Amino acid sequence: MHILKVGFNYKTAPVEIREKLTFSEQTLHEAMVELKAKKSILENVIISTCNRTEVYAVVDQIHTGRYYIKQFLADWFEIDKEDFSSYLRITEDDGALEHLLRVSTGLDSMVLGETQILGQVKEAFLTSQKMNTTGTIFNELFKQAITFGKRAQKDTAIGEHAVSVSYAAVELAKKIFGDLQNKHVVILGAGKMGELAVKNLQGSGATKITVVNRTHEKAAVLAEKFDATSTHMDDLQDVLKKADILISSTGSDSVVLTKEILAPIQKKRKGSPLFLVDIAVPRDLDPKIAELDNVFLYDIDDLQHIVDENLRARKAAAEEIEIMLEAEIVAFKEWVKTLGVVPVISALRQKALSIQSETMQSIERKIPDLTARERKVINKHTKSIINQLLKEPVTQAKEIAASGRAEESLELFVNIFGIEEEVKAEFEKQAIKNDAFTKIEKINEKVSFQMVENIKTT
Amino acid sequence: MIEVKLIVELLLIIYGLSLVGYFIDFIQHNQKVNKIAFWLLSMVWAIQTFFLLYQVLIEKNFPIITLNDSLFLYAWVLVTISLIINKLLPINFIVFFMNLFGFFIHLLYVSTTAQQNIHKGGGQLVNEILATHITLAIVSYGFFTVSFLFSLMHIMQHHFLKEKKSFKWIWRFGDLKVLDTYSFRAITIGVPLLLIGIIFGVVWAHVSNSEFYWFDIKTVGSILVLVVYIVYLILRLVSGYQGKALSIYNTAAFLVLLINFFLFSLLSNFHFN
């Protein structure tokens, strides 16, 4: 049994390929069900976003798994395998584990440390659970990956602070005003940049927006688009008296606002902070404006500088996460190792309980006039003997399963107690229950331990 | 006597809290606080009315004979009127000032009564008034200190944001405007506490027969601190100032407070000397 990841992302495939091979949200669940019906695929989760399409699967054999997943992709998207095979990146077992953990922590994202992907992983997992395409292995693995993603966000600075210029501006604005609700934003210049700025600020909660432009018509058009007000450049000084944030992006060759103009206005504002963002090149706002108290002037380079610094912080956090990640992989593998012991323990218990119940029947035959109470007491005490006797072996079996030589030791354990048949029966029972294991065709005594062994994959 | 003293003290505490509530409402126009203050004041009125009825109906004594008795009636009338105004007229300022005055009168009544009954344990109450005076003043100083620290952080954050260098600190420091607001709020709580504290001080000086100088450096110092912070509130609320300049003023105000606390205490021979 192996874990496979088959897929591509923004690093390996150009957008022309990615857009052709993206699962739509509406059909994703159907895709998972269909993939599950393929031979060799025991469990699967498909993560599909605009930057990546990745199929995670538990397969019984690597080569058949690879083949059937590729075949499935070709069938689903109705494309020849040759057309996309070269873009696919396939990783197995440890590599697949690591990749999933990197994806859910945002280490594999285009914007390092972005947090949206964790939500998408969670969404994909929930869908697969709903469609019953996961089993024991993925239920554990994805839960672990999602928890790890959350922990990485909480414990490190990976998702902290903006790494794009526009968000850096929004973040600074929040640092000055607390929140952007009811803040008056003035957009100077009705160009493309201005439009982008309005979009971003509206997304962050700003509602009161005024567009100022040399030609009033243009301002009016942009204002209408965003439910804002518009005014002519001549009114700028009046507007500034009540404004909180000014974003300037005119195409002007010379400075639009000087310190001399702003100083008397700022005096009338009585210390109310004013945040000026100059994203125009050449600059619209006189750099000397920054000398005024309670006025914060940031140009495009300042914002870029913030972005660079934040990115550096994210990279440092990413290194921390890399270390945590290794520990997660080890923990998961330990868990997988203990998987084999569960049927052994329940088989042992089953056997012991059947001995006890046979003994009870024998007692009842030999002493037929036992009262109900006496029967209860004997039953309780014989069970107690079993439990006490099994306590230590069960603990030891768990320890053995987590240790290095699990396979041999567990085999010895099974032999000592003579429960080979029961273990086999337990495995069959578990396979039916999980559904995921139904495709293991031949179950022999060793299969359980082979499963354990295989997943270790060196 | 013990129970009565307990009720008297409880009354003073409720009255004081109500006063702080009215002050905060006065500064921030906070309807919720106003409602709480109103209910507290209603409790005060209920207790006062009970005492009044007790005197009139049980002791058959309408309290206007002595100056002291009339003080009680006076305070009761003030509370009654301010409750009516609070309910009927939308003029909040007058309620606050009436209560401030009413509190002073009530406290004067309580302490004068205590002074007259000094042999029956009233002396203890006089001492407690002194203790309350000092405690309230120190608690208000606590709030002023908090406010000062917020202002200091505001100045630092302002500096960081201007310098555009220490972003690591910028993200970790509080939001500029929030720091400013918290600093203001701390003063909003500190001022009424100090005001009540000073009222206690004046009343104590009146009843304890200790040598009291209006021109003692400690008295002047405390009143100066109060005035300095009231000026802050005026600058903020009436003139509408905020931001860096006001933070610097607040820092200077704290300096005045420190001077009053340490230096003037050395120079004055008040309180426990």
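The exercises below work through a predicted model of a complex with chains A and B.

**Exercise 1. Describe the make-up of chain A: how many helices and strands are there, and what share of the residues is buried?**

Step 1. Chain A contains 18 helices and 10 strands.

Step 2. Of the 458 residues in chain A, 39% are buried.

Step 3. Consider the contacts in chain A with a separation of 6 or more: 72% of them join residues 24 or more positions apart.

**Exercise 2. Find which residues of chain B are listed as "transmembrane region", and state the secondary structure of residues 6-24 and 130-155 of chain B.**

Step 1. An unreviewed UniProt entry lists residues 6-24, 36-58, 64-84, 91-110, 130-155, 186-207, 213-235 and 247-267 of chain B under this name.

Step 2. Residues 6-24 of chain B are 100% helix and 0% strand, and their end C-alpha atoms lie 27 Å apart.

Step 3. Residues 130-155 of chain B are likewise 100% helix and 0% strand. Here the distance between the end C-alpha atoms is 37 Å.

**Exercise 3. Describe the side of chain A that touches chain B: which elements give two or more residues to it?**

Step 1. The contact involves 18 residues from chain A and 18 residues from chain B.

Step 2. On the side of chain A, the elements giving two or more residues are helix H8 (165-177), strand S10 (295-299) and helix H13 (300-339) of chain A.

Step 3. H8(A) supplies the largest share, with 4 residues.

Step 4. Sorted by class, this side of chain A has 7 nonpolar, 5 polar and 6 charged residues.

**Exercise 4. State what confidence the predictor assigns to chain B and to the complex.**

Step 1. The mean pLDDT of chain B is 83, and 90% of its residues score at least 70.

Step 2. Among the elements of chain B, the lowest mean pLDDT (81) belongs to helix H4 (residues 92-116) of chain B. Helix H8 (residues 217-237) of chain B has the highest (90).

Step 3. For the complex, the predictor gives an ipTM of 0.72 and a pTM of 0.69.

Methods
Residues are numbered from 1 along each chain as its sequence is written. Chains are lettered from A and ligands numbered from 1 in the order in which they are written. This is a predicted model: local features need pLDDT of at least 70, side-chain atom pairs count only at pLDDT 80 or more; totals for chains, interfaces and linings use all residues. A residue is buried if 20 or more other C-beta atoms lie within 10 Å of its own, exposed if 12 or fewer, and partly exposed in between; C-beta atoms are placed from the backbone. Two residues are in contact if their C-beta atoms, placed from the backbone, lie within 7 Å. UniProt positions are given in the numbering used here, feature names are shortened, and annotations may be inferred rather than shown by experiment. pLDDT is the predictor's confidence in each residue, from 0 to 100. Ala, Val, Leu, Ile, Met, Phe, Trp, Tyr, Cys and Pro count as nonpolar, Asp, Glu, Lys and Arg as charged, and the others, Gly among them, as polar.
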